[in-house]
Amino acid sequence: MAVDYTTHDGVAVVTLNNPPVNGLGLSTRAGIVAGIERAQSDPAIRAIVLTGAGKAFSGGADITEFNTPKATQEPTLATVIQVVESSAKPVIAAIHSVAMGGGLELALGAHYRIAAPGAQIALPEVKLGILPGAGGTQRLPRAIGLEAALNMIVSGTPVLSEKLTDSGLFDEIAQGDLAEAALTFARRVGAQTGPHPKVRDRKIEHPNAAGFIQFARNSVAAIAKNFPAPHKCIDAVEAGVQNGFDKGLAVERECFVALVQTPESRALRHAFFGERAASKIPDVPSDTPTRDIQRVAVIGAGTMGGGIAMNFVNAGIPVTLLETKQEALDRGIATIRKNYEATVRKGRLKPEALEQRMALLTPTLSYDDLKDADLIVEAVFEELGVKEQVFRRLDEVAKPGAILASNTSTLDVDRIAAFTKRPQDVVGMHFFSPANVMKLLEVVRGEHTAKDVLATVMKLAKKIRKTAVVSGVCDGFIGNRMIEQYIRQALFMLEEGALPAQVDRAIEKFGFAMGPFRMSDLAGNDIGWAIRKRRYQEQPDMHYSKVADRLCELGRFGQKTGGGWYDYKAGDRTAYPSKAVDEMIVGYCAETQAPRRKIGDEEIVERLVLSLVNEGAKILEEGIASKASDIDMVYLTGYGFPLYRGGPMLYADTVGLYNVERAIRRYAAQPNGDAWQIAPGLAKLAAEGRGFNG
Ligand code: 3HC
Ligand code: NAI
């Protein structure tokens, strides 16, 4: 039973008991109605307390039920709230921990609300691409005022209960035991004659509601370009302001039904569950014991090492930073300080916090200082010989049970592990640049990596606020292995008739944060060049356009050399299309007798995105990623794939794998078609009429 019913001296307590967050699924909804009705029919009951067991009052509607028959089966949440609101006996919502979405809407249907301090109060539906669909857009403005409500509804951001003390939302903030306070309150109002107050009967007072709503519209237009939900939130609130509660409710319902079926909402829900699913590893049970991480060490204070150290320091974990030379160490520490100073200047860090963070850093040149570290992350030069030296030394000094991680982006983690006598303690922790900013962390599971090491790193990732995704060992892991195919296609298209600015423009219009050529200029074109040189040796069959090599031979490595695929001006990161580069590309085609044709934006987008999808399918088949949503999380959090499309694998499902397969086979028959070896798993799913996500 998802709802408990108890009585306490004239008060019925209806307790939602649907772990983990008391989601308002069908059985919970039915349980609430049953509880309220039972209380109505018991003459000894004078008042009803509605509360939640465990770690939430309620996290809202059960998102897993969306677009299933259960979502619309009676009692719907709207019905439940109506039953609560029309109860002749007063209903008191006793709120603790979390009251979100439908949970808050349910509480708004009660006659009284009493909250514990520290509870997170939110209408976060907009973050799932929908709007509050059970009266939230109508009752919240009536409870706390138009401006505060619209801010909460459009942003979805939680507000702590105590911050809402004087807002009109709560009748009381309980200072002691919430259950006791709720019972006392219930007995008091139960003794009063009704009718008891309803939020729906309150007026929305605002000196210039129309003006404020227009202001909100303008603000939303600027930030929610590709998301329909925030606009609909305003429509629903406005309808209630102009035409009253019932009309507003009808508009809200209409908008909810439309939004829940949009691809944007599907994408956002996919990302919500994908993020949580990423932390679950199929053969590592959730109760796997973890190792205690009190102190961390980072080897190498360069671009990555500094950022990696900051992640731990930001979470209050002391870090010892090791370099080979004092000069490099000083430079690394100075860069970290500069980064924090910039944050202080932006007002996002207090000056005293800067010093506290710096105090957590211990610079050193001596491996002896690493013997207390529970986790050591290596971020030295990307050369196997240097990694070998470091890992052999770490094996000598690290304490037993210390986790030894490498931030390598291209080297074989198993080979690195073999430099130690403890390969079970070795794991890849592949951060992305800038490491203190980027959300993604690829956790590379070596052949011998112990399960508790994985469990520990996944838990730690949460603490340092990263989205961690497990990858098996392969060249490039999940993200870079896929991006290589994407870059290959981008280069082929230059050879076939496109120019860098056109390619970038097309994919940026699709929603990518940055096109492949602007991205390469930012990362440094020499990085890709080094990888291609390696490929020419290791995989001579792998066909690559040589046009990027030409660019590198001209010394155009990107922003850092003042020119790459684009031209740059000193102190300005704007990418200006380069006449010289465009001529070089056209000249290259003439020289190699590659005919140029007009390539449409649609083809550009299709080839770039499907190259990711096809490689992603191979990664799944090989078990490098354990689920399609892991690949999507890598692309959403590390590669600027548009969130409203949900990642490459969900996007492929949306297009339909039958169409994806047909397009791939079509491109395979064109020039440079040898790059399209269709993933057998993709073809199989397409034949079965299925998608990557079921
Ligand atoms: N429906 C279904 N499952 C939910 C859920 C929901 N509303 N909220 C959380 N869960 C699940 C998570 O998927 C996770 O499942 P797992 O253990 O199998 O991975 C589990 O609950 C725990 O979630 P978290 O790991 O996120 O736990 P936290 O303690 O860190 O956070 C929370 C709890 C703050 C409630 C957070 O889960 C959250 O923000 N949830 C989403 C809240 C939300 O968006 N509510 C609105 C729903 S839509 C709605 O109400 C429509 C209505 O207007 C009609
Ligand atoms: P970097 O050149 O900026 O920094 C490397 C640092 O390691 C230098 O400060 C150097 O003095 C130090 N170092 C070299 N040998 C050392 C040794 N034996 N002991 C201690 N310190 C030593 O390089 P970057 O970019 O920080 O890369 C480091 C690692 O991170 C590489 O493995 C790289 O592949 C990986 N990586 C880099 C990314 C990037 O975007 N730069 C992204 C993800 C991973």
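## Helix pair α24/α25

Leu-612, Gly-616, Ile-619 and Leu-620 of α24 touch Ala-628, Ile-631 and Tyr-635 of α25 (contact: heavy atoms within 4.5 Å). Six of the residues in this contact are nonpolar, one is polar and none is charged. Here Ala, Val, Leu, Ile, Met, Phe, Trp, Tyr, Cys and Pro count as nonpolar, Asp, Glu, Lys and Arg as charged, and the others, Gly among them, as polar.

The axes of α24 (601–621) and α25 come within 10 Å and cross at roughly 135°. That makes the pair oblique: angles under 35 degrees count as roughly parallel, over 145 as roughly antiparallel, 65 to 115 as roughly perpendicular and the rest as oblique. Axes are lines fitted to C-alpha atoms, for helices over the stretch in contact, with angles from 0 to 180 degrees between N-to-C directions.

## Model basis

This is a predicted model: local features need pLDDT of at least 70, side-chain atom pairs count only at pLDDT 80 or more, and totals for chains, interfaces and linings use all residues. Residues are numbered from 1 along each chain as its sequence is written, chains are lettered from A and ligands numbered from 1 in the order in which they are written, and side-chain values use heavy atoms, without hydrogens and water.

## Sheet

Eight strands form an open sheet, ordered β12-β11-β10-β13-β14-β15-β16-β17, with mixed pairing. Its edge strands are β12 (361–364) and β17 (467–472). Helices (H or I, at least four residues) and strands (E, at least two) are DSSP runs; strands pair if DSSP finds at least two bridges between them.

β13 (375–378) and β14 (403–406) pair in the parallel sense over four bridges. Glu-378 has Ser-406 as its bridge partner in β14.
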